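Hi there,

Here is the structure I promised to pass on. Have a look, and my notes follow below.

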Amino acid sequence: MAGIGAFTLASALLLSACGGSGSSDEGDSTAAAEGDSTGVVSISSGEPQNPLTPGMTNEVYGGLVVKNIYSGLVYYDADGAIENEVAESIESEDNQNWTITIQDGWTFSDGTPVTAQSFVDAWKYVANLDNAQNQQYFFNGFAGFSFEEPSDIAVEVVDETTFTAELSQPASDFPLWLGYSAFNPMPEAFFEDPEGFGSEPIGNGPYELESWENDSLITLVPREGYEGPRQPANGGLEMVAYVEEDTAYNDMLDGNLDVLPNVPSSAFATFEDELGERAVNQPAAVIQVVNVPEWLPEFQGEAGVMRRQAISMAIDRETITETLYSGSRTPASDFTSPVIDGFSDDIPGSEILDYDPEGAAEMWEQAEEMDPIGDYTLQIASNADSDHQDWIDAACNTIRTDLGIGCEFAPYTTFDEFLNARDDESVEGIFRGGWQADWPSMSNFLGPIYGTGAGSNDMNYSNEEFDALLAEAAAAEDTATATELYKEAQEILFQDVPGIPLWYQNATGGYAETVENVEFGWDSDPILYQITKE
């Protein structure tokens, strides 16, 4: 984070993001352009849950599409540093009142210009409660924002290429937020038909949507008129919806699929030998957790917290990550990620993440004495179209043995079916939650998931003290102070256990011999515009 004072993001300037390792030209479009090609690159993916708009898309399948059909003020390079895309400069004298200047000449795919109004209108729309946007939470740092009633955030147009943003309090890392999709601009056509727009989006990014065959294939083509730094080095992208990750892996081995973002657990022990230099196994800003719904009576009150802790202590993370994942996962010791600046593995309360069969059994028994629930079977819900049953079965084995209760996998056929059941609170029991960071900061692992009213707070968790610490950390004048406040906030999470951290996830992927210039970024996503294919 930058300190208090003037902050300018000029067009040639790179800023080292939290968790990033500094500037890198590996993600620069000039380097990629040397291998420009016309082949269409196929990627293993799945069906997006929501319309393809920045305000609604907050899951990985839709997110990968949105990332490539829209452009924001800045974008993140492979190491998590931010670089200008639409922005000319982002300036502030006090880290609370910001002036943003965009480059002239940008257009949307329908030919209309990208102006300051395009950003202001989009931000106000997403932030307004009336519009029920999944990404509303990300505007909670703006003056005028409200979770309780329709609001008009303090973002104002100055002229065609300039607008201002007033925050509710200083936030020295504000420029880091702006590479996330929630802050993308929208064309006038969106506001004329918000519901219909999402199936035929009009973006300003390096690609545009050619077709969307539900549950099958999304095809993107390079966009004429895009002159930004993420110039496509290929002839387009095909995002193929797979139901089985093993099928996708075998297609990649056979050369029938170009890029595989996720290696199935069945291949963890062999994929690096099978793929050689084409295997990807690197740290990423991704964590897997099990979330505990606040509405389930067995997890409420003091006894409910003890049951949460007992379940956590009955999961043998070391054995699961070694046996199932061959070391491509690391047992969690906090709620963030080791690749993020400020990470700590000794936060008070984190001992509940250690496997402790005796302690778990004692904790469960105490909860039963306090508030008995009798014969009980724990449900752990997840989608069945990805590799989750294996680890859930392994976790259930020790939970059944150590706690003396039932435990079973509660499957949903597809990812979007699982998300819909989660969102309408029809999921029975606890459920899987994976988090891929939106920007490289501790705050992004905490606020969007556990903050009151946050868009990804799928458990309905709320703690005023936790929220206050996040706000204080966001306003801190230096990184060290903010880091300590985020650690204090995590102590509260370990006391309440709204989620049970499982393990940090490496980016484990691979690609076929059909493509070159493949690189996975800090957030585990492949950088698609760089890939070349003859």
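In what sense do strand 13 and strand 17 pair, and over how many bridges? Strand 13 (residues 286-291) runs antiparallel to strand 17, with six bridges between them; pairing requires at least two bridges found by DSSP. Helices (H or I, at least four residues) and strands (E, at least two) are DSSP runs, numbered from the N terminus.

Before going on, please note that this is a predicted model, where local features need pLDDT of at least 70 and side-chain atom pairs count only at pLDDT 80 or more, while totals for chains, interfaces and linings use all residues. Residues are numbered from 1 along each chain as its sequence is written, and side-chain values use heavy atoms, leaving out hydrogens and water.

Back to strand 17 (residues 430-436): six of its seven residues are buried, meaning under 20% relative accessible area with a 1.4 Å probe, protein chains only. Within this strand, F431 stands opposite N291 and is also the bridge partner of A381. Strand 15 (residues 377-383) pairs with strand 17 in the parallel sense, over two bridges.

T398, in helix 12 (residues 389-403), is buried too, at a relative accessible area of 16%. Its side chain reaches the backbone oxygen of A314 at 2.7 Å. Leaving aside residues up to four places away in sequence, T398 touches A314, I315, D316, Y355 and L403, where contact means heavy atoms within 4.5 Å.

Happy browsing!

Definitions and conventions: Buried means under 20% relative accessible area, exposed over 50%, partly exposed in between (1.4 Å probe, protein chains only). A polar contact is a pair of N or O atoms within 3.5 Å; within protein, one must be able to donate a hydrogen and the other to accept it, and residues adjacent in sequence count only if both atoms are side-chain atoms.
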